[in-house]
Amino acid sequence: MADVGVRAARREDVLQVANVQIRAWRYGYRDFLPEGPLEQMTGPAAEKMWLRQWDEAIVAPPTSRHRVLVAVETILDTEGFPALGVGGSGVPATPRGGERVVGLASHAPAEDPDLDPTEVAEMLTLLVDPDFVRRGHGSRLLNATVDHLRQDGYRQIVTWVFADNYAVLGFLESAGWGEDMAERVLDMGRPIRMVRLTTDIS
C-alpha cells in the first residue's frame with residue numbers, strides 16, 4: 001500500500017518532475033501528435049532543457065504566485081516498482097518507505113491578452129505518470145491548485161488543452177470546466193488545434 005498526497009515541489013524533485021512530464025507526454029500525446037515533434041519534445045536534448053526549466057520554476061519562480069505542486073506516493077510495504085512501465089521509459093525502483101513524485105501541476109497569473117492577470121490564473125501543467133493514473137492524483141492536484149489560487153484572490157482559472165486530448169478534456173469537464181471559445185493552432189508538421197477551458201472559483 002502507499003500513502004498519497006500533494007505538496008509544493010522542492011529542488012530535489014526536479015529530476016522526477018521532468019521524468020513524469022516526459023513519460024506523460026509520450027504516453028498521453030502519442031495518439032494525436034506527430035511522431036517527429038513528440039520526439040523533439042521528449043528526447044534527450046529536450047530532457048536537459050526541461051530539467052533546467054523545472055529547476056528554475058521550482059527554485060526561483062518569478063513571483064510568489066508562480067507555483068509547482070507535486071503528487072507523491074510514499075511506498076509503505078512493497079518491494080518497489082517495475083523498471084519499465086506504460087510510459088515507455090525506464091523508471092528507477094522506489095525503495096520501501098521512499099517518496100516518489102507521480103504527478104505535477106503548475107500555475108501562474110494568466111498571460112493571454114484578453115484576460116486580467118490580477119483576477120485570472122492559468123493552470124500551465126497538469127500531468128500524472130501513466131503508471132499511476134486512476135488513483136486520484138489528478139483530482140488531488142486540481143483541488144490543490146484551486147485552493148492555492150483561491151487563497152491568492154483569483155476568481156477564474158484557464159488552461160490550454162489539445163483539442164484531441166479527449167481524456168484531459170473529459171476529466172476537466174467532469175470537474176466543472178468548459179471551453180470559452182478561445183483557440184490556437186500550432187504548426188507541428190500539420191495543424192494541431194488547442195482549446196482554452198475555464199472555471200469559476202470565486
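Student: In this predicted model, what makes Asp 114 count as exposed?

Tutor: Its relative accessibility is the reason: Asp 114 has a value of 53%, and since exposed means over 50%, Asp 114 counts as exposed.

Student: Why is Arg 196 called buried?

Tutor: Arg 196 has a relative accessible area of 5%, and because buried means under 20%, Arg 196 is assigned to the buried class.

Student: How do you know that Asp 114 and Arg 196 form a salt bridge?

Tutor: The N to O distance between the side chains of Asp 114 and Arg 196 is 2.8 Å, and a pair of this kind has to lie within 4 Å, so the contact qualifies as a salt bridge. Asp 114 lies in the loop between S3 and strand S4, whereas Arg 196 lies in strand S7, so the pair ties together parts that are 82 residues apart in sequence.

Student: What makes the contact between Glu 99 and Arg 10 a salt bridge?

Tutor: The closest N and O atoms of Glu 99 and Arg 10 are 3.7 Å apart, and with the cut-off set at within 4 Å, the pair therefore meets the definition. Glu 99 belongs to strand S3 and Arg 10 to the loop between strand S1 and helix H1, so parts that are 89 residues apart in sequence are tied together.

Student: Why does Glu 99 count as partly exposed?

Tutor: Glu 99 has a relative accessibility of 37%, and because partly exposed covers the range between the buried limit of 20% and the exposed limit of 50%, Glu 99 is placed in that class.

Technical notes:
Residues are numbered from 1 along each chain as its sequence is written. This is a predicted model: local features need pLDDT of at least 70, side-chain atom pairs count only at pLDDT 80 or more; totals for chains, interfaces and linings use all residues. Side-chain values use heavy atoms; hydrogens and water are left out. Helices (H or I, at least four residues) and strands (E, at least two) are DSSP runs, numbered from the N terminus. Buried means under 20% relative accessible area, exposed over 50%, partly exposed in between (1.4 Å probe, protein chains only).
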